[in-house]
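Please keep the sequence and the 3D view open while reading.

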Amino acid sequence: MSAPSLVGLPADRILKTLRTYRQGPLLTVELNVPEEGNAVTDAMLDDLLTVLDDHDPAVRVLVLAAAGDAFCLGGDRSEFPRHLADDPAGGGIRANGTKALRVCEALTAHPAVTIARVQGRAVGAGVGLALACDLRVGADTATFRLPELALGVPPAWGGLLPRLISEVGVARVRELILTARVFDAQEAHGLAVLQRVVPQEELDDAVMAWAKPVLRRSAAALRVTKAMLNSLTAATRLADTSVFDPELLAAILTQQRAG
């Protein structure tokens, strides 16, 4: 029997860039700007913080999904010139970067088990959002890219680089960052960017195959176990420089504008 649809039902909450669907202890958060490829804007970061900071203890599983053909085409770079025009010293860029870091940390630290449901293209910040989740399943047609260097900026968004190195390994990450090439779902699985790959029509079934046993676990034991896993993972990132991401991005962009 097929899993229940995780999206497409009447939304219980509609924000400017998101829709949420609540099915008992399972909450689906859907990026909902498909006409823009679900690009991450200031408004989306604000909406994500609104949802992620609301820790309903009854929620055991949080699924991060996306409307349309793409999961997320990365950060909306069209906002950068506006930020720099408003504050040539880079204050707006820093504020945006700080919110991005808060969103990714909120996904990782959320007491519920977080599952990324990835279809289509995941680019830059889209990869970062998925990596911040505990579990990641992707359609076999999904593709991934880390284009920051090709776009003239460092990979300084939401703690993406230390998360990548922790999950994937420094040698492979170095190649992906420096070449900015596209890699497919099967390679993403081999790199542990995805933990499972299925045909797109089976994405909901794959999510529910993970969610169902989690939903039966003791809430207290689940919360403590996730905290333990996060603590042990953090121990492998002793040189985590994520806190500097907003400053690095602002420094490069203000320098480019001045030059």
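Accessible areas come from the Shrake-Rupley method with a 1.4 Å probe. On that basis the chain, which is a predicted model, exposes about 11600 Å², and carbon and sulfur atoms supply 57% of this area.

**Overall form**

- The chain has 259 residues and a radius of gyration of 18 Å, which agrees with the value near 18 Å that a compact globule with this number of residues would have.
- Taken along the principal axes, the box that the C-alpha atoms fill comes to roughly 60 × 40 × 35 Å.
- Of the 259 residues, 49% count as buried, where buried means under 20% relative accessible area.
- In its secondary structure, the chain comes to ten helices and ten strands.

**Charge**

- The side chains of the chain include 26 positive and 30 negative ones, and the centres of these two sets lie 4 Å apart.

**The open sheet**

- An open sheet with mixed pairing is formed by seven strands, which follow the order β1-β2-β3-β4-β5-β7-β10.
- Strands β1 (13-14) and β10 (196-198) stand at the edges of this sheet, and because each has a single partner strand, one side of each is left without a neighbour in the sheet.

**Antiparallel pairs and their hairpins**

- Strand β1 pairs with β2 (residues 18-23) in the antiparallel sense over two bridges, and in this pair R13 has T20 of β2 as its bridge partner.
- These two strands, β1 and β2, form a hairpin in which three residues lie between them.
- Strand β2 also pairs in the antiparallel sense with β3 (residues 26-31), here over six bridges, and R19 stands opposite E30 in β3.
- The hairpin of β2 and β3 has two residues between the strands, and within this hairpin G24 takes a positive phi near 60 degrees.

**A parallel pair**

- In which sense do β5 and β7 pair, parallel or antiparallel? Strand β5 (residues 113-118) and strand β7 (residues 135-139) pair in the parallel sense, and four bridges join them.
- Within this part of the sheet, R117 stands opposite V137 in β7.

How values were computed
Residues numbered from 1 in each chain as written. Predicted model: local features only at pLDDT ≥ 70, side-chain atom pairs only at ≥ 80, totals over all residues. Heavy atoms only, no water. Rg over C-alpha atoms; globule rule 2.2 N^0.38 Å. Buried < 20%, exposed > 50% of the residue type's maximum accessible area, 1.4 Å probe, protein only. Lys, Arg positive; Asp, Glu negative; His and termini not counted. Charge placed at Lys NZ, Arg CZ, Asp CG, Glu CD. Pairing = 2+ DSSP bridges.
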